[in-house]
There are 2 protein chains.
Amino acid sequence: MGGMKAPEDLLRRVRQGNRFLLTSHVNPDGDAIGSALGLARLLRRMGKGAVVWNRDETPTIYRPLPGSERIHVGAEPPAGFPDVFDAIIVLECPSPDRTGIEQYLGERPVINIDHHLGNQHYGTINWVDTAAPAVGEMVYRLAQGLKVALEPETASCLYLTLVTDTGGFRFSNATPVAFEAAASLVRDGAHPEQVAQWLYESQPLPVLRLAGEMLQTLQVHEGGRIASALLTQEMFARVGAAPGDSEGLIDYPRSVAGVEAVTLIREREDGTHKVSLRSRGEVDVEKIARQHGGGGHRNAAGFVLEGDREEVRRRVVELLAEALNAPGEADQAGQESTGR
Amino acid sequence: MGGMKAPEDLLRRVRQGNRFLLTSHVNPDGDAIGSALGLARLLRRMGKGAVVWNRDETPTIYRPLPGSERIHVGAEPPAGFPDVFDAIIVLECPSPDRTGIEQYLGERPVINIDHHLGNQHYGTINWVDTAAPAVGEMVYRLAQGLKVALEPETASCLYLTLVTDTGGFRFSNATPVAFEAAASLVRDGAHPEQVAQWLYESQPLPVLRLAGEMLQTLQVHEGGRIASALLTQEMFARVGAAPGDSEGLIDYPRSVAGVEAVTLIREREDGTHKVSLRSRGEVDVEKIARQHGGGGHRNAAGFVLEGDREEVRRRVVELLAEALNAPGEADQAGQESTGR
């Protein structure tokens, strides 16, 4: 059930190597960035060289992490590759193609450290623990195995991976192992308040003001099972918000008690409406989106509609109500994987 | 540094008693409700009687907690008081008057369990641990001292106190002790995902609408270091919100990037204003609150002010600006305990 020691062959390989290249997956998230930066610090603390290389940019919210400015970003390998590196450590990546730099992986032995169900065991060494709440937690166990004390900055990098991958200790992977690792990392100097500030308390003022505008339009339908909200160009202008500022605002209507499906309808500059859909559990909003030329996943999808704003709202609520009441929907969905 | 064992005289008194009355402070929060319900379950598990009596209503978001429907609410004591009770256990309450039922406390021995700095030690027995992340964490230690295994529901009640008092493990009291207690409570059957759903994804519609109203009044001051927002009786009426529905709304202005101190000013039915304060780091808002007849912790406090709404806002922002710019504030604060 997780919390097991890092394997001996991995410990040996890390002790023997002198320089490591660390990478993760495209569109890196908190666990990808935090586990790589934490491991890089750990290796340097052991007197080894470590370079983090990600194909994609580090998202803004992870840039305060110590060392993020040193990440090598892009499709081209860092200087000296492959000769100066003893091995490539791939973190939080279920398959080679997801690294975005697959063609370079053959140049050096690969150490695959991951917690994804369905990891393809593509490494020379593979340490896959699907019970680990985050790969950063596995790096913490690696540090224990290597008997290297963590510096506070390293502990913060690894602590952040726990926070992002457990949704702030709100998902089902907020296990005893996750909380024990958090306790230990905080003892080593991780700073929960600071990490939370990086992740959650750095909202631009217009984003909150825009949320306020949107919440004025919040309605529920179908006896509370559907929630809808609107965003207009006028609202964006009134609060001085940029187009990207509505990202994530659909989480507000999503948090209404008892709601199973949600739509946020955003008026675009050309007067058409971007319809965002979210659902809980079995309601398949991707299907609705696809039928209207859009796309997404079962629980998060979107498409574009033309027409009068309230007319669009009525139409979308109707579509969601149909999906909600469709017979057999649950049976079909039950056959899909529930993996994260 | 917290995590110390429950004192022997308390353990003895609890073992000896047969029926306990449990209470907390007016306007009960998650720690007040969760620690009382958790302790009541613990006592019943030991074969003892336990009644929770709070002067004020249980806020909606805490009503899913097991046993919340059995809380005796109001200014009148529960049936049989005082004769049937051996002692009154007051949880999370720094002074007798804050219970709202002060006149009844003299009727029975009082056991005072709290983590507030400045607790007045008003009990026959006083267990005050300012390093405890939540009083619920102290109840957890009490259970350990009493050697009573926790049921999953009890563990969830106590786990919730950790979540609410540490702001979802985001405040400075998200200490190793807090995470270790969380790990242990989850092992005992607390359900982080469910608690998160109660707290964060079960918002009554009026709460979100009220948030929308409040966000319309959001302002920043002092170059963005202070944020303020208002709630009026008119807003409550317009969205159909109950008084308890504003609980937690101060977290919205608190999440603005760069903000160090926050106030939410809520008009009460009698026309006076409840001033809630939050701060980051060294800014001591408890001091401000205390000087105005209120109380709280260094980073979370409140008091009541009379006067015109915008006048109150101006005055409070002024007080926060003074605290923010006070020389030596950090030095003074450094000498205090870091308990909440």
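Reader: Before we start, what makes a helix crossing left-handed?

Author: A crossing is left-handed if the near helix is turned anticlockwise from the far one by less than a right angle. In this predicted model, the crossing of helix 7 of chain A and helix 8 of chain B is left-handed.

Reader: OK, and at what angle do helix 7 of chain A and helix 8 of chain B pack?

Author: About 130 degrees, and their axes are 7 Å apart. Both helices cover residues 205-215, each in its own chain. That angle makes helix 7 of chain A oblique to helix 8 of chain B.

Reader: Which residues meet there?

Author: From helix 7 of chain A you've got L208(A), R209(A), A211(A), G212(A) and L215(A). They meet L208(B), R209(B), A211(B), G212(B) and L215(B) in helix 8 of chain B. By type, the residues of this helix contact split into six nonpolar, two polar and two charged.

Reader: Zooming out, how many residues does each chain put into the contact?

Author: Chain A puts in 35 residues and chain B 36. On the chain A side, the elements giving two or more residues are helix 5 (176-187), helix 6 (192-200) and helix 7.

Reader: Which of those gives the most?

Author: Helix 5 of chain A, with seven residues. Taken as a whole, the side of chain A that touches chain B has 21 nonpolar, eight polar and six charged residues.

Reader: Switching to the fold. How many helices and strands in chain A?

Author: 12 helices and 12 strands. The radius of gyration of chain A is 23 Å, close to the 20 Å that the globule rule gives for 340 residues, so chain A is as compact as a globular protein of that length. Its C-alpha atoms fill a box of roughly 65 × 45 × 40 Å along the principal axes.

Reader: What share of chain A is buried?

Author: 46% of the 340 residues. As for contacts in chain A between residues at least 6 apart in sequence, 66% of them join residues at least 24 apart.

Reader: Last one: where does P7(A) lie, and is P7(A) buried or partly exposed?

Author: P7(A) is in the segment before helix 1 (8-16) of chain A. P7(A) counts as partly exposed because it has 15 C-beta neighbours inside 10 Å, and buried would take 20 or more.

Reader: And how far is P7(A) from R141(A) in space?

Author: 9.9 Å, C-alpha to C-alpha, with the two 134 residues apart in sequence.

Methods: Residues numbered from 1 in each chain as written. Chains lettered and ligands numbered in written order. Predicted model: local features only at pLDDT ≥ 70, side-chain atom pairs only at ≥ 80, totals over all residues. Axes fitted to C-alpha atoms, helices over the stretch in contact; angles between N-to-C directions. Helix = DSSP H or I, 4+ residues; strand = E, 2+ residues; numbered from the N terminus. Parallel < 35°, antiparallel > 145°, perpendicular 65-115°, else oblique. Contact = placed C-beta atoms within 7 Å. Nonpolar A, V, L, I, M, F, W, Y, C, P; charged D, E, K, R; others polar. Rg over C-alpha atoms; globule rule 2.2 N^0.38 Å. Buried ≥ 20, exposed ≤ 12 C-beta atoms within 10 Å, placed from the backbone.
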